[in-house]
Every structure is written in structure tokens, then in C-alpha cells.
Amino acid sequence: MEKKVYGLTGPQQNIWNTELFFNDSNVNNVCGSAIINEIIDFDIFKQALNIFVKSNDATRTRITMVDNKPVQFFADYEPFDVDIVEASSKSELAQIEQKIVNKRFNILNSNLFEPTVIKFADGTAGLIINSHHIISDSWTLGLAVKEILKIYHSLKNNSELDLKTF
């Protein structure tokens with residue numbers, strides 16, 4: 001089945017132009033982290049991340065070329081495994097985040113939203129989300145963390161999921 005494609009918005013076109021100008025750099029990465037100060041069930045947390053991605057098309061946005069122009073489409077949801085990185089202390093979170101933000105996204109036909117879970121020795125967690133600016137901004141990352149935690153708590157407490165997209 002052929003995907004429906006959409007042109008880039010004005011701001012996305014500006015980000016695309018920046019991507020072309022600063023080719024092979026991480027200038028358009030938007031990365032943020034959060035510390036979750038509670039004991040986490042990491043299997044449930046992985047489920048919450050998958051539900052979040054499934055219910056939010058923006059996280060599955062892909063960029064491709066049609067007639068020499070960048071366009072976007074929404075990839076079908078596919079279950080994914082979440083990287084869990086063990087850290088000995090919460091101060092280590094910034095170092096891990098720096099390594100993650102330095103990753104360069106391949107903007108064409110690739111995943112542009114990548115969560116990483118940090119497992120601390122005391123059972124608490126950190127969440128690092130690295131995404132390409134063409135699909136999100138800092139505000140969006142804050143909303144994503146809140147939504148992921150809401151989904152996690154609903155799953156953990158066996159309560160009804162109230163999924164909202166943003």
C-alpha cells in the first residue's frame with residue numbers, strides 16, 4: 001500500500017534547509033532527559049513507550065524525496081525494543097545524554113525519534129529522548145515525557161488508558 005505524503009510545513013522546510021547546509025552534523029538534534037524518582041518496572045515502562053509511539057503519529061514521521069522535494073509520511077507502527085542503559089549514579093545521566101545527542105540522524109527514510117531508558121542501581125530510572133527537530137522541539141519532548149509517565153502509571157495500576165496525541 002502506498003503511503004500518503006505531505007509537504008513540509010514552512011518551519012520544517014527551514015529545518016530541512018539547515019540540515020542541508022550543516023550536512024552530516026547533529027545541529028538539528030533535540031535531546032532531553034528526565035529523572036524518574038520512583039522504583040520502575042522496566043517491562044511496563046517499555047510497554048508505555050511502545051504505546052506512546054503507536055498512538056502518536058509524529059514519532060513515526062519519516063522524510064523522503066518525491067520529485068526532488070522533501071515530503072513526509074507516517075510510518076506504520078512496529079513494536080520496538082527500548083535500549084536500557086545501566087548507570088551507577090544519576091550524575092552519569094548527563095554523560096550518557098551527551099553521547100546520545102552526538103548521534104547523527106539519517107534524515108531520509110529513517111526513525112527520527114529515539115528513546116533510551118536509564119536504569120539506576122536503586123531501581124529508579126532516567127529517560128532520554130533524542131529526536132530530529134523536523135518532527136519535534138523542546139516543548140514537545142516535555143509533553144512526551146508527561147504522556148509516557150501517564151501511560152506507565154495507568155499500565156502499572158491497571159487503570160484505563162487515556163491516550164492523547166499531540
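Strands β6 and β7 form a hairpin with four residues between them, and G123 in the turn has a positive phi of about 90°. Helices (H or I, at least four residues) and strands (E, at least two) are DSSP runs, numbered from the N terminus. The model is predicted, so local features need pLDDT of at least 70 and side-chain atom pairs count only at pLDDT 80 or more, while totals for chains, interfaces and linings use all residues. Residues are numbered from 1 along each chain as its sequence is written, and side-chain values use heavy atoms, with hydrogens and water left out.

**Strand β7 and its partners**

- β6 and β7 pair in the antiparallel sense over seven bridges; two strands pair if DSSP finds at least two bridges between them.
- T116 has I128 in β7 as its bridge partner.
- Strand β2 (residues 29-36) also pairs with β7 in the antiparallel sense, over eight bridges, and I36 stands opposite A125.
- Eight of the eight residues of β7 (residues 125-132) are buried, where buried means under 20% relative accessible area, exposed over 50% and partly exposed in between (1.4 Å probe, protein chains only).
- In a regular strand the side chains alternate between the two faces of the sheet.
- A125, L127, I129 and S131 point one way from β7, while G126, I128, N130 and H132 point the other way.

**Largest pocket**

- About 260 Å³ of space lies in the largest pocket.
- On a 1 Å grid over the protein atoms alone, a pocket is an open set of points where a 1.4 Å probe fits, with protein on both sides within 12 Å along at least five of seven lines; lining residues have an atom within 4 Å of a point.
- Grid points are joined across faces, edges and corners, and a volume is the space filled by probe spheres set on the points.
- Its lining has 17 residues, with V53, E78, F80, N111 and F113 nearest the centre.
- Strand β6 (residues 113-120) gives the largest share of this lining, four residues.

**Second largest pocket**

- This pocket holds about 160 Å³ of space.
- Of its 13 lining residues, Q12, H133, I134, I135 and S136 are the closest to the centre.
- Helix α1 (residues 10-21) gives the most to this lining, with three residues.

**Positive phi outside glycine**

- N68, in the loop between β3 (61-66) and β4 (69-74), has a phi near 65°.
- N68 counts as exposed because its relative accessibility is 74%.
- N109, in the loop between α3 (92-101) and β6, has a positive phi of about 55° although it is not a glycine.
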